[in-house]
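Please open the structure in a viewer and keep the selection panel at hand.

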Amino acid sequence: MISIDRMKFDSVPANLKVGDTIRWVNRDAVPHTATARDRSFDITIPGNSIREMKILKKGQHEFFCRFHPAMKGVLSAAP
Amino acid sequence: MLRVMFLGMAIASSSLAAASNDNSSSAASTQETSIGDAEIAHIAYTAGQLDVVAAQQALERSTNKDVRAFAATMLRDHKAVNDLALALVTKLGVTPQANPVSQSLTDEADAVRARIAKLSGKAFDRAYIDREVGFHAAVNEALRSTLIPAAQHPELKDLLEQGLALFSAHQQHAEDLARELQ
Ligand SMILES: [Cu+2]
């Protein structure tokens, strides 16, 4: 699970691997996206909502919110 | 820009009046304008609504991809927060109360909108984004120094704090865009 609260991505769980499911929990009123710079994922999470996503690609994925570019994080997935 | 700063001062002086009002117990009403939850809700809602209208103007006039994306975010975010604010005041039984601060916010926004309606291209983009920087800076300062401390209802206070986090991100986004448009 990765929470989004007050315009920040919370810390990303360690030891993730390809095939794991990420639950994005958006506690803000406004929609956010979690968008990988390598575009291996791009998910929109509406305000006060939860969205799930499977990790499809191994490696270190920097991600950001397309709506609020200052919001950033890094997600690492083992093969 | 000067006018936006003046606005901040208008809000600040209202808050001083509100503070002295608080000290003189709740019994008698004074001639000073106090800022209560009803006024605070009106100011916050008005600020959001004005930014929605500004975004609509930008989406009509701008062809710059980044400026349009920013305006779309302003539209989306301020609508979402105002919907929440409306639901909250309904729940709390607070009726937003028009006041001089929300009126001067509106007058200022109307004046800017009329002025920049004559611009196009990069001149418009710069004017719109500069306005967004100044507007969010003024509103954030008002939230931080006046509206949040004065808010009585914990849920209203919490919503304003959420708003401050959001609008600070907007302000930073606008500042980054302003630099790109130099
Ligand atoms: Cu976002």
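Between chain A and chain B, 3 residue pairs are in polar contact, both residues being at pLDDT 80 or more; a polar contact is a pair of N or O atoms within 3.5 Å, where within protein one must be able to donate a hydrogen and the other to accept it, and residues adjacent in sequence count only if both atoms are side-chain atoms. This is a predicted model, in which local features need pLDDT of at least 70 and side-chain atom pairs count only at pLDDT 80 or more, while totals for chains, interfaces and linings use all residues. Residues are numbered from 1 along each chain as its sequence is written, chains are lettered from A and ligands numbered from 1 in the order in which they are written, and side-chain values use heavy atoms, with hydrogens and water left out.

**The interface**

Select both sides of the contact: chain A contributes 10 residues and chain B contributes 15 residues, contact meaning heavy atoms within 4.5 Å. The two chains bury about 1,000 Å² between them, 65% of it on carbon and sulfur atoms; buried area is the accessible area (1.4 Å probe) that two parts lose on being put together, summed over both.

Next, select Arg6(A) and Asp158(B), which form a salt bridge with the closest N and O atoms 2.9 Å apart. The term denotes a side-chain nitrogen of Lys or Arg within 4 Å of a carboxyl oxygen of Asp or Glu. Asp158(B) lies in helix H6 of chain B, and Arg6(A) in the loop between strand E1 (2-5) and E2 of chain A. Helices (H or I, at least four residues) and strands (E, at least two) are DSSP runs, numbered from the N terminus. Asp158(B) is partly exposed at 31% relative accessibility, and Arg6(A) is partly exposed at 29%. Buried means under 20% relative accessible area, exposed over 50%, and partly exposed in between (1.4 Å probe, protein chains only).

**Within chain B**

Select Lys91(B) and Glu155(B), whose salt bridge has its closest N and O atoms 2.5 Å apart. Lys91(B) belongs to helix H3 (residues 65-92) and Glu155(B) to helix H6, so the pair ties together parts that are 64 residues apart in sequence. Lys91(B) is exposed at 58% relative accessibility, whereas Glu155(B) is partly exposed at 35%. Salt bridges with shared partners also join Asp51(B), Arg131(B) and Glu132(B) into one network.

Move to Glu132(B) in helix H5 (residues 121-150) of chain B. Is Glu132(B) buried or exposed? Glu132(B) counts as buried because its relative accessibility is 0%. The Glu132(B) side chain makes a polar contact with that of Arg131(B) at 2.5 Å.

**The nonpolar cores**

Select Phe9(A), Trp24(A), Leu143(B) and Leu160(B), which are among the residues with the most contacts inside the largest nonpolar core, a set of 47 residues. Such a core consists of buried Ala, Val, Leu, Ile, Met, Phe, Trp, Tyr and Cys residues joined through side-chain atoms within 4.5 Å. Helix H6 (residues 154-180) of chain B supplies the largest share of this core, 7 residues. A second, separate core has 20 residues, including Val52(B) and Phe124(B).

**The strands of chain A**

Finally, colour the open sheet of 4 strands in chain A, with the order E2-E1-E4-E7 and mixed pairing. Two strands pair if DSSP finds at least two bridges between them. Strand E4 (residues 21-26) and E7(A) pair in the antiparallel sense over 6 bridges, and Arg23(A) stands opposite Glu52(A) in E7(A).
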